[in-house]
Amino acid sequence: MTFQFPTRSALASDYERGVILVAVATLAWSCSGVYARLLTTDIWTAIAWRSLFGGIFLLIPSFFLEGGFSRRQWNSIFHPAGLAMIVCQTISQACFIGALYMTTVANVTMIYATAPFIAAFLSWSMLKERVANRTLIAGGVCLVGVAVIVASSIGGGTGVGDLLALGMTVTFALIIVIPRFDRSVPILPSSVVSGFLTFVLFVPFASTASLDAYNWLLLAAFGATNFALAFVLFLFGSRRMPAADAALISSLEIVLTPFWVWLLFSEKPPMATFLGGLIILATIVWHTAADLRHGRRARA
């Protein structure tokens with residue numbers, strides 16, 4: 001009996017480290033709106049240089065994670081599934097920054113929160129994977145919340161931004177699904193390549209005149225923390241806990257991201273965003289709680 005106590009303690013501490021890593025990753029992700037509001041560059045410049053800095057900072061951990069920097073690992077990104085990952089990541093990055101510039105941060109966050117459910121629907125429809133009924137129901141309800149948010153933006157000046165947020169969400173859902181087609185596709189190398197590709201595509205439209213020391217520092221921090229650091233921390237942390245627990249912690253981003261912008265910049269979302277966001281957030285909490293209960297019964 002006494003020999004089992006250290007094992008339990010080690011497992012508990014490993015789980016706790018996972019919680020801390022995922023929580024810090026969530027905090028880093030939640031700062032995206034703050035970076036976007038602090039920047040004084042145009043959209044094209046923000047997209048290009050944030051992606052470049054993100055790719056550079058993500059290149060460093062790619063030498064040590066997912067098998068390290070091997071020829072086989074990097075050649076695999078040029079397979080059809082790998083190329084699809086790069087295309088989706090490039091579109092998602094561009095839409096993400098564009099959405100932050102063209103609509104409220106709350107709208108972007110709430111629409112993006114539906115990505116796991118869209119991914120589940122794509123897996124069900126394209127791969128014929130079994131998906132729990134509660135997931136399909138939750139996805140349908142979340143789309144109602146998205147419809148409420150987007151419908152209120154038509155004619156209100158933020159419709160394009162909301163559509164960009166929806167485009168980012170769909171492409172991110174595809175990023176989740178593509179590795180299920182080909183499990184050999186490495187995520188980190190394709191993310192690095194997509195960061196560089198996004199830079200190459202958008203830097204011709206960027207304005208170098210707006211890049212003073214202030215914006216250089218912000219863009220570097222944006223790419224390092226929100227793009228690279230958060231991704232790596234979540235990758236490490238989520239492996240130390242059940243998926244439902246990691247999803248529950250990371251869902252705090254939905255609340256924190258618009259909260260920081262409201263606190264620092266007094267950006268108040270429209271009433272439709274509150275209504276649609278409440279629908280989405282309540283559905284996510286219900287679905288995550290159901291997953292946790294199901295996980296506990298399975299382990300019992």
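Glu-267 is buried, because its relative accessibility is 18% (buried means under 20% relative accessible area, exposed over 50%, partly exposed in between, with a 1.4 Å probe and protein chains only). Its side chain meets that of Arg-37 in a salt bridge, 2.6 Å from N to O. The term stands for a side-chain nitrogen of Lys or Arg within 4 Å of a carboxyl oxygen of Asp or Glu. The pair links distant parts of the chain, 230 residues apart: Glu-267 lies in the loop between α13 (253-265) and α14 (271-299), Arg-37 in helix α2 (residues 32-38). Helices are DSSP runs of H or I with at least four residues, numbered from the N terminus. Arg-37 is partly exposed, at 23% relative accessibility. The structure holds 1 salt bridge.

A word on the source: this is a predicted model, where local features need pLDDT of at least 70 and side-chain atom pairs count only at pLDDT 80 or more, while totals for chains, interfaces and linings use all residues. Residues are numbered from 1 along each chain as its sequence is written, and side-chain values use heavy atoms, leaving out hydrogens and water.

Now the rings. The count comes to 12 aromatic pairs. Rings of Phe, Tyr and Trp (its six-membered ring) pair if their centres lie within 6.5 Å; planes under 30 degrees apart are stacked, over 60 edge-to-face, and the rest tilted. Trp-44 and Phe-202 form a stacked pair, 6.0 Å centre to centre with 20 degrees between the planes. This pair also links distant parts of the chain: Trp-44 is in helix α3 (residues 43-62) and Phe-202 in helix α10 (residues 187-202), 158 residues apart. Trp-44 is partly exposed at 42% relative accessibility, whereas Phe-202 is buried at 15%.

Phe-259 and Trp-262 make a tilted pair, with centres 5.8 Å apart and 35 degrees between the planes. They sit 3 residues apart in helix α13, so about one helical turn separates them. Phe-259 is partly exposed at 35% relative accessibility, and Trp-262 is partly exposed at 45%. Elsewhere, ring pairs join Trp-49, Phe-53, Phe-199 and Trp-216 into a cluster.

A charge meets a ring too. The charged end of Arg-50 sits over the ring of Phe-222, 4.8 Å from its centre. The rule asks for NZ of Lys or CZ of Arg within 6 Å of the ring centre and within 35 degrees of the ring normal.

Terms used:
Helices (H or I, at least four residues) and strands (E, at least two) are DSSP runs, numbered from the N terminus.
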